[in-house]
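Subject: Structure handover

Hi,

My notes follow below it.

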Amino acid sequence: MSSLSQGAPAAAARVLARADELATHSSRPDGIERVYLTPQHRAVNHLAAGWMREAGLVSWEDAAGNQCGRLAGAEDGLPAVVLGSHLDTVPGAGRHDGILGVLVAIEVASRLRDAELPFALEVVAFGDEEGTRFGTTLLGSRAFAGSWQPEWAGLRDADGIRLGDAAREFGLDPQRIGSAARTPEQLLAYLEVHIEQGPRLEQADRALGVVTTIAAAERRMITFTGESRHCATPWELRHDALLGASEANLAIERIARARGSYATVGRIQVEPDAVNVIPGVATFSLDLRDETAEGRDATWDVIRDELQSIAGGRGLDVAIGTTHEAPEVVCAPDLRAAFAAGIQSTGDGAASDVMELFSVAGHDAMAVAAIAPVGMLFVRCRGGISHHADESVRADDVAASIDALEVAVRQLAAEYEPR
Ligand SMILES: [Zn+2]
């Protein structure tokens, strides 16, 4: 079935060995944590730069600490197809989230070094996607995409260190981070390979899948307010905000599940937070995602009605605030088609049967979509496990992803018509 290219197993072995090497650059001895503008970030940029140069790319670090590499193409000054992902991690991370996409991109660039493509080919290793250090995500890719906000220099990490000071320590000019911005004229497309971070490919017995959209997401804070009373208060006189919130949580699970949306209540706080006092206030977060904003909003409408009905039944007030809202990012049809051709070339799925799926998680592609059409290829990961030390990919899947990305880039080159 498989029609992997000759060099694919060696390339996959190199990618996995490099992922292991990157994993040794961690700020903690008991697991992987590598965050923006740290010595570990410096170390992995240095490694990536070396591998990019080995692959025939010119490499440099941009004003935001993203490590970039470029293969000129048939002539100088051509607009670029960019292959990228990120090298930063969450605390207690695995070794493939983000990293795999960068390493696969370097392999593909190496294969295409003599291809005389009609466009430049760039590889970008973003310095911050996860937002672990400063609590704001996609800092590297948003700088690249021209949406850097100068006030982010004032963000502080858990130790109170300002981003601007960390940038200076790292060797960057905090006033110039925004100059990492690329323009739409410079970019033809952005292609990102990433582990799925979910079990759908594995369940379908597929190595690779084409991403349709990156989920529409929103975050809300929901507060139920009742009455704080002594725990001797009889049942019929209680207005327990935590019981309302608990009932709401179970309703959110039931509604989102039935509708195929993803809903997570990850934080809950009660007041006064005492063992012998009925909670008068319960506040919880809700992260809600769906393939489209339309689907997300339809799920939210049902949830909101249910929250109000639960509050009404318990004599509580409910207040809802929105802290984040983003529509889905739609992957470009021609880039989806190029990835589908790439997957077919590996023998993973017949012509009409390439697996398509939406990304529940956010990615650098969301930021880059502001300035270029984006496409994403998902690689199966074991058990759907990610953001955890047990994150794992198969070598043959990695090999297939390298081949698929190469074919996708070659297809874009074959179809390319200069602007
Ligand atoms: Zn990632």
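A word on naming before the findings: helices (H or I, at least four residues) and strands (E, at least two) are DSSP runs, numbered from the N terminus. On that numbering, Leu78 sits in the loop between strand S2 (67–71) and S3. Please keep in mind that this is a predicted model.

**Leu78**

Leu78 has 15% relative accessibility, so it counts as buried. Setting aside neighbours within four places in sequence, Leu78 contacts Arg70, Ala72, Gly73, Leu117, Pro118, Phe119 and Ala120. Ala181 is 103 residues from Leu78 in sequence, and the two C-alpha atoms are 17 Å apart.

**Zinc site**

Which protein residues donate to the zinc ion? They are His86 through NE2, Asp97 through OD and His194 through NE2. The donors lie 1.9 to 2.1 Å from the zinc ion. Along the chain their spacing reads H-x10-D-x96-H. Asp97 and His194 link distant parts of the chain, 97 residues apart. Asp97 is in the loop between strand S3 (80–86) and helix H3 (99–111). His194 is in strand S5 (residues 187–195). Both Asp97 and His194 are buried.

**Helix H7 against helix H8**

The axes of helix H7 (residues 241–259) and H8 come within 9 Å and cross at roughly 155°. That angle makes H7 roughly antiparallel to H8, because angles over 145 degrees count that way. The H7 and H8 crossing is right-handed.

On the H7 side, the contact residues are Leu243, Gly244, Glu247, Ala248, Ala251, Ile252, Arg254, Ile255, Ala256 and Arg259. On the H8 side, they are Ala298, Thr299, Val302, Ile303, Glu306, Leu307, Ile310 and Arg314. By class, the contact of H7 with H8 has 11 nonpolar, 2 polar and 5 charged residues.

Thr299 lies in helix H8 (residues 293–314). Is Thr299 buried or exposed? Its relative accessibility is 0%, so Thr299 counts as buried. Not counting residues up to four places away in sequence, Thr299 touches Ile255, Ala256, Arg259, Ser261, Leu288 and Asp290.

**Helix H1 and its partners**

Start with H11. The axes of helix H1 (residues 8–23) and helix H11 (residues 395–415) come within 8 Å and cross at roughly 110°. H1 and H11 are therefore roughly perpendicular to each other. H1 brings Ala8, Pro9, Ala11, Ala12, Val15 and Leu16 to this contact. H11 brings Ala395, Val398, Ala399, Ile402 and Asp403. The contact of H1 with H11 has 10 nonpolar, no polar and 1 charged residues.

Now H2. The axes of H1 and helix H2 (residues 39–54) come within 10 Å and cross at roughly 155°. H1 and H2 are therefore roughly antiparallel to each other. H1 passes H2 in a right-handed crossing. Arg18, Glu21 and Leu22 of H1 meet Val44, Leu47, Trp51 and Glu54 of H2. The residues of the contact of H1 with H2 divide into 4 nonpolar, no polar and 3 charged.

**Backbone points to check by eye**

- The peptide bond from Glu271 to Pro272 is cis, with omega near 5°. Pro272 is in the loop between strand S9 (268–271) and strand S10 (281–290).
- Asp273 is not a glycine, yet its phi is positive, at about 65°. Asp273 is in the loop between S9 and S10. With a relative accessible area of 62%, Asp273 is exposed.
- Gln197 also has a positive phi, near 65°, in a residue other than glycine. Gln197 is in the loop between S5 and helix H6 (200–203).

**Ser179**

Where is Ser179? It lies in the loop between helix H5 (163–170) and S5. Ser179 is partly exposed, with a relative accessible area of 41%. Asp62 is 117 residues from Ser179 along the chain, and their C-alpha atoms are separated by 8.4 Å.

Best wishes

How values were computed:
Residues numbered from 1 in each chain as written. Predicted model: local features only at pLDDT ≥ 70, side-chain atom pairs only at ≥ 80, totals over all residues. Heavy atoms only, no water. Donors = N, O, S within 2.8 Å, 3.2 Å for Na, K, Ca; no water. Buried < 20%, exposed > 50% of the residue type's maximum accessible area, 1.4 Å probe, protein only. Contact = heavy atoms within 4.5 Å. Axes fitted to C-alpha atoms, helices over the stretch in contact; angles between N-to-C directions. Parallel < 35°, antiparallel > 145°, perpendicular 65-115°, else oblique. Left-handed = near helix turned anticlockwise from the far one by under 90°. Nonpolar A, V, L, I, M, F, W, Y, C, P; charged D, E, K, R; others polar.
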